[in-house]
Amino acid sequence: MSFLRASIVCVTAVIVGLIIPTYLKPSYPVPEIFGTVAPGFEEVRDVFRQNYEEGWDKRDAGSAFSVYKDGEKVVDLWAGYADAEAKRLWREDTMTVIFSTTKGLTAVCLAMLSDRGLLDFKKTVAHYWPEFAQNGKERITVEQLLEHEAGLLATDEPLSYDILKNRTELDRILAATKPIWEPGTKHGYHGITFGLYSDALVRRVDIKKRTVGQFFDEEVRKPFDIDLYIGTPLELFHRLGRLTNVQAGFGDVIYAIKNSVLIQNAVLSTLLGGENADVNKRMLESCGNVCEFERFADPYVMNVEFASGNGVGTARAIAKLFGILANGGKYRNTTLLSKKIIDEYVNDKRPLTPDLLMFDHPMRWKYAMDVIPQGDNMGNLFGAPGAGGQIGYADPNNKIGYGFVSRYMSTLGIQLLDPRIQRLIDSVKRSI
């Protein structure tokens, strides 16, 4: 009976939350496409438009897609609204929240510290942070923490933005938290806590004791002219697109359930329970108001550094960053990351294994970078996906950096599973 009751509640929620609002929303025309493509990449512009025409992207939303090839920008497109209700168009300089693509920015900072000999991924976290060695965490390595194997995807005390601003209190909570599983035996995406633990590490190993956001700003954004931030400066908040009013419709949800094993597993796990559902519940209960979506509309909340998920920027900036990594870590005559660490991302051949938080979706990370195998004789794609379809990935095989951002929170916006992104990337590959 409990399963039947849960099913009825689920169906009712879908009808009330998805079907009825679909009929109440105003209709919008296919937006004008702005931006440029290099000769030979005209098909990418066509596909970007078709995503709106065919409903893969939403006409009341806004999005941008950019590609760097061999260190040069070859695609830079944007369209739609930064805020449809206010009739505010997406502009060339519009930024949006990139959610967990922020983890890619954090990963770059950690890799730079490793390159400088200040952080050894094989050493224990406690080597750099003695207070961390509590409650069964004494032997957790930096590598295990960054590859989501530490069992620390939820904190034992609830988080809040006030706590995120109080790093002394935050560090106490993080250091005292007990692992949910034996570290190193499995992985479960540390969606919220990854950036918090990473920031605590960076503050301890960086010579200047900077936060991740400060380190990224001074060592990456400014010297490489990359328009990305971890925590939004108050004076730049006006550039952000509004996130809170474009969600998946009924048809999008049905398509996702029909075509995605991950979504199917998520639905079944939610209805039937089990370990996957339990860890998701633990994470959501522990993250407090940090997981409240409407908070992203508050400029003072967005000003707080959250190295897991409140990075902001443009698709152009993301593509430039990952384009540098795809070209061996150098931009013109300046090195961002060493070839040694880039090669470790590219050549990691460990198998993908089921992720506990992601409902057993097969995944793998290398030093915090999501890696996607491309075949035995090819290097991995690597980068960071963000909720709803944000992406930043490096394709070292073709020396390409991809960046995509959107206000439409796609149900399939996971890694490169989003049809919008698959179609765009396929068009890029046909163009080279």
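The talk below sets values against their cut-offs.

Guide: First, a caution: this is a predicted model.

Visitor: What makes the overall size agree with a compact globule?

Guide: For 432 residues, a compact globule would come near 22 Å. The protein chain has 21 Å, so the value agrees. The C-alpha atoms fill a box of roughly 65 × 60 × 45 Å along the principal axes.

Visitor: What is the chain built from?

Guide: The secondary structure comes to 16 helices and 16 strands.

Visitor: How much of the chain is buried?

Guide: Buried residues make up 57% of the 432 residues. The label needs under 20% relative accessible area. As for the accessible surface, it comes to about 18000 Å², and 54% of that belongs to carbon and sulfur atoms.

Visitor: What share of the contacts joins residues at least 24 apart?

Guide: Take the contacts between residues at least 6 apart in sequence: 69% of them join residues at least 24 apart.

Visitor: How far apart are the mean positions of the positive and negative charges?

Guide: They are 1 Å apart, for 51 positive and 54 negative charges.

Visitor: Now the rings. How many aromatic pairs are there?

Guide: The structure holds 15.

Visitor: Why is the pair of Phe-65 and Phe-404 called tilted?

Guide: Start with the distance. The centres are 6.4 Å apart, and the limit for a pair is 6.5 Å, so this counts as a pair. Next, the angle. The planes stand at 55°. Stacked needs under 30 degrees and edge-to-face over 60, so 55° is tilted.

Visitor: How do you know whether Phe-404 is buried or exposed?

Guide: Its relative accessibility is 1%. The cut-off is under 20%, so Phe-404 counts as buried. Phe-65 is buried as well.

Visitor: What does Phe-404 touch?

Guide: Leaving out residues up to four places away in sequence, its contacts include Phe-48, Phe-65, Ala-315, Ile-391, Arg-420 and Leu-424. Phe-404 and Leu-77 are 327 residues apart in sequence, yet 9.7 Å apart in space, C-alpha to C-alpha.

Visitor: What makes Phe-132 and Tyr-197 an edge-to-face pair?

Guide: The angle between the planes is 90°. Over 60 counts as edge-to-face, so the label holds. The centres are 5.9 Å apart, within the 6.5 Å limit.

Visitor: Why does this pair tie parts of the chain together?

Guide: Phe-132 lies in the loop between α4 (125–128) and α5 (142–146), and Tyr-197 lies in helix α8 (residues 193–205). Those parts are 65 residues apart in sequence, so the pair ties them together. Phe-132 has a relative accessible area of 0% and is buried. Tyr-197, at 1%, also counts as buried.

Visitor: Thr-193 is in helix α8 too. Why is Thr-193 called buried?

Guide: Its relative accessible area is 1%. That is under 20%, so Thr-193 is buried. Beyond its neighbours within four places in sequence, Thr-193 is in contact with Leu-152, Leu-153, Ala-154, Thr-155 and Ser-308.

Visitor: Which residues of helix α7 are buried, and what covers them?

Guide: In α7 (residues 167–176), they are Leu-170, Asp-171, Ile-173, Leu-174 and Ala-175. Their cover includes α6 (161–165) and α8.

Terms used:
Residues are numbered from 1 along each chain as its sequence is written. This is a predicted model: local features need pLDDT of at least 70, side-chain atom pairs count only at pLDDT 80 or more; totals for chains, interfaces and linings use all residues. Side-chain values use heavy atoms; hydrogens and water are left out. Helices (H or I, at least four residues) and strands (E, at least two) are DSSP runs, numbered from the N terminus. The radius of gyration is taken over C-alpha atoms; the globule rule is 2.2 Å times the number of residues to the power 0.38. Buried means under 20% relative accessible area, exposed over 50%, partly exposed in between (1.4 Å probe, protein chains only). Contact means heavy atoms within 4.5 Å. Accessible areas come from the Shrake-Rupley method with a 1.4 Å probe; for residues, only the protein chains shown count as cover. Lys and Arg count as positive and Asp and Glu as negative; His and the chain ends are not counted. The place of a charge is taken as NZ of Lys, CZ of Arg, CG of Asp or CD of Glu. Rings of Phe, Tyr and Trp (its six-membered ring) pair if their centres lie within 6.5 Å; planes under 30 degrees apart count as stacked, over 60 as edge-to-face and the rest as tilted.
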